[in-house]
Amino acid sequence: MATLYHFPFCANSRFVRLVLAEMGMEPILVEERPWDRRDEFLLVNPAGTTPVLLEQGGLVVPGAGLIAEYLDETRGLGLSGRRLLPEATADRVEVRRLLDWFLVKFESEVTGYLVTEKISKRFMTSSEGGGPPDMNAIRAARTNVRYHLKYIGYLIARRRWIAGDHLTYADLAAAAHLSCVDYLGDVPWDEDEIARDWYARMKSRPSFRALLADRVPGMAPADHYADLDF
């Protein structure tokens with residue numbers, strides 16, 4: 001059985017949790033607060049970042065993108081029509097492009113700001129960077145999420161799923177990041193009905209149940225967060 005080191009509101013960790021659930025895998029979950037920089041965790045991943053997948057045989061696979069590629073190489077063929085990285089070269093390029101869009105671009109422009117300022121800082125000491133939220137960062141994230149939502153709506157208006165006709169890593173990455181922002185009530189769903197309907201499909205999937213059960217101590221989610229009907 002594999003072990004996943006994760007932080008519940010690390011969006012890239014959430015992406016890997018969704019991938020594993022879609023693949024029918026139930027890893028041992030070890031919650032890791034990256035800012036703690038535990039010696040034991042640094043021995044597993046010297047970068048000190050989540051997520052990290054540890055295979056039963058001892059192989060360490062760090063980082064969401066690398067984990068996705070590894071799981072496709074080792075389990076993808078066994079998924080048959082449910083494979084999350086398509087077989088055709090052009091389709092694989094598109095999924096990887098959008099995977100980078102959400103795991104890197106969305107993270108740096110939206111999720112990273114909001115999760116750090118609204119959640120992580122609550123549990124950090126002052127020496128670790130904790131303290132009051134930076135409202136400039138929050139305002140920037142709230143502005144940025146609007147064009148990302150519009151882009152998702154643009155894609156879904158032309159395809160059944162974000163990267164094409166089938167569910168892929170791209171959908172799971174986008175939904176994982178939006179789920180963190182949605183918990184905080186910072187997704188302007190009323191600005192794009194197409195994106196909202198796609199997200200409703202995503203959070204209705206069985207793989208999403210564990211994410212919707214996550215809670216930040218002392219911080220309730222937005223009222224609609226776990227409402228499958230929005």
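Contact here means heavy atoms within 4.5 Å, while helices (H or I, at least four residues) and strands (E, at least two) are DSSP runs, numbered from the N terminus. This is a predicted model, in which local features need pLDDT of at least 70 and side-chain atom pairs count only at pLDDT 80 or more, whereas totals for chains, interfaces and linings use all residues. Residues are numbered from 1 along each chain as its sequence is written, and side-chain values use heavy atoms, with hydrogens and water left out.

Strand β1 covers residues 3–6, with T3 and Y5 pointing one way and L4 and H6 the other way, and all are buried, where buried means under 20% relative accessible area, exposed over 50% and partly exposed in between (1.4 Å probe, protein chains only). Two strands pair if DSSP finds at least two bridges between them; β1 and strand β2 (residues 28–31) run parallel and are joined by four bridges, and V30 is the bridge partner of Y5 in β2. Between β1 and β2 the chain passes through helix α1 (residues 11–22), in a β-α-β crossover that is right-handed, that is, with the strands pointing away from the viewer, the path from the first strand over the helix to the second runs clockwise. Strand β3 (residues 52–54) runs antiparallel to β1, with three bridges joining them, and in β3 the bridge partner of Y5 is V52.

Helix α1 also meets helix α4 (residues 89–123), and their axes come within 10 Å and cross at roughly 145 degrees, where axes are lines fitted to C-alpha atoms, for helices over the stretch in contact, and angles run from 0 to 180 degrees between N-to-C directions. From α1, the residues A11, N12 and F15 meet L99, L103, E107 and T111 of α4.

What is the count of disulfides? With a disulfide taken as a pair of cysteine sulfur atoms within 2.5 Å, the count comes to zero. C10 is in no disulfide, and the nearest cysteine sulfur, that of C180, is 7.6 Å away, which is too far for a bond. C10 is buried, with a relative accessible area of 16%, and C180 is buried too, with a value of 1%.

D171 is found in helix α6 (residues 169–183) and counts as buried at 0% relative accessibility. Leaving aside its neighbours within four places in sequence, D171 is in contact with W161, I162, H166, W198 and M202.
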